[in-house]
Amino acid sequence: MGFLKGIFLMVLTLIVLGEGSLFAEETKTESVCISCHQAMGDKLAVPVTLWEESIHKKMGNTCEGCHGGDPGDEGKAMDPASGFVGAPKPNQIAEFCGRCHVGVKENYMKSAHYAASLHGTGPNCVTCHHSHDVQKASLELIAEPLCSQCHSFKNAQKIRKAFVSAELGLQEKKETIRYVERRGMPVKRLEEKLFSLRNSLHQMTHTLDLPEIQVKTTGVLKELGEMEGEIEAFKKKIHTRWWVGSLFAGFLILLIVVLILLLKNYEEEDQ
């Protein structure tokens, strides 16, 4: 009975600790920003509704990620002493978003978009990516319905074409590297090279400098082509290994057949 009682108490303790962990997790994820805005309804609930569909939510970035404050304490949620900052003015948006997107902000500030924004006519981050329903950065955003709201789509279309060609090259090379990796080839150096090329390309997206972007994408495609020599060497190794393995397997099968025939022959002679 003492042993059974001990087991019962141990199981009960684990259940209590488990529920405590779940409760702690629920408490941790509770946000007074979200609950209050939803409770107030109407236009004050709209930011939460929009955020639900954003890339920020998918990536785990909640209200305090942009606006600061203490999401776990109603009294401190909008307290500047807790780091709370409200909605930025239009001319503050680049700095506001650039606290996290540092490289993007630097490139945006080199662009014609930023130069125009200084005169109150150019787009800022939320013009293309929205504010609470933040859209994922992708080439899909470079589209005529959006760009033509401010200017001709002609240059934007050339920029998109240049980026698409380089992105397709990166994707194709990534799949080829995965192919040789699955067959045991050491691809760390190739992966690092691909990562570096992708980053250098993505850093160009907000410059909107067509000649510079075309030079960059051409350079990326050239470097991808130079990686092909190393990948081809891996493919030859894989091909050689396949033939050596096949020949060895064939030799083993032949050896087994010969041994079986010899054994059968000895048995017949003994009879």
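Two residues are said to be in contact when heavy atoms of theirs lie within 4.5 Å. With that in hand, and bearing in mind that the model is predicted, one can begin with the contacts of the protein chain: among those with a separation of 6 or more, 56% are accounted for by residues 24 or more positions apart.

The secondary structure of the protein chain consists of 13 helices and 0 strands, so that the order of elements, read from the N terminus, is α-α-α-α-α-α-α-α-α-α-α-α-α. The chain has 271 residues, of which 23% count as buried. Its exposed surface comes to about 19100 Å², and carbon and sulfur atoms supply 62% of that area.

Consider next the pair formed by helix 12, which covers residues 188-202, and helix 13, which covers residues 210-270; the two pack with their axes 11 Å apart and at an angle of about 170 degrees. Because angles over 145 degrees count as roughly antiparallel, helix 12 is roughly antiparallel to helix 13. On the side of helix 12, the contact is made by Arg189, Leu190, Lys193, Leu194, Leu197, Ser200 and Leu201, and these meet Lys216, Thr217, Val220, Glu223, Leu224, Met227, Glu230, Ile231 and Phe234 of helix 13. By residue class, the contact of helix 12 with helix 13 comprises 9 nonpolar, 2 polar and 5 charged residues.

Helix 13 also holds Leu210. Is this residue buried or exposed? Leu210 counts as buried because its relative accessibility is 12%, which falls under the 20% cut-off. Once neighbours within four places in sequence are left aside, the residues in contact with Leu210 are Asn155, Lys158 and Ile159.

A polar atom of the Asn124 side chain lies 3.1 Å from the backbone nitrogen of Val126. Apart from neighbours within four places in sequence, Asn124 is in contact with Pro90, Ile93 and Tyr108.

Notes
Residues numbered from 1 in each chain as written. Predicted model: local features only at pLDDT ≥ 70, side-chain atom pairs only at ≥ 80, totals over all residues. Heavy atoms only, no water. Axes fitted to C-alpha atoms, helices over the stretch in contact; angles between N-to-C directions. Helix = DSSP H or I, 4+ residues; strand = E, 2+ residues; numbered from the N terminus. Parallel < 35°, antiparallel > 145°, perpendicular 65-115°, else oblique. Nonpolar A, V, L, I, M, F, W, Y, C, P; charged D, E, K, R; others polar. Buried < 20%, exposed > 50% of the residue type's maximum accessible area, 1.4 Å probe, protein only. Areas by Shrake-Rupley, 256 points an atom, 1.4 Å probe, with all protein chains shown as cover. Polar contact = N/O pair within 3.5 Å; in protein donor to acceptor, adjacent residues only side chain to side chain.
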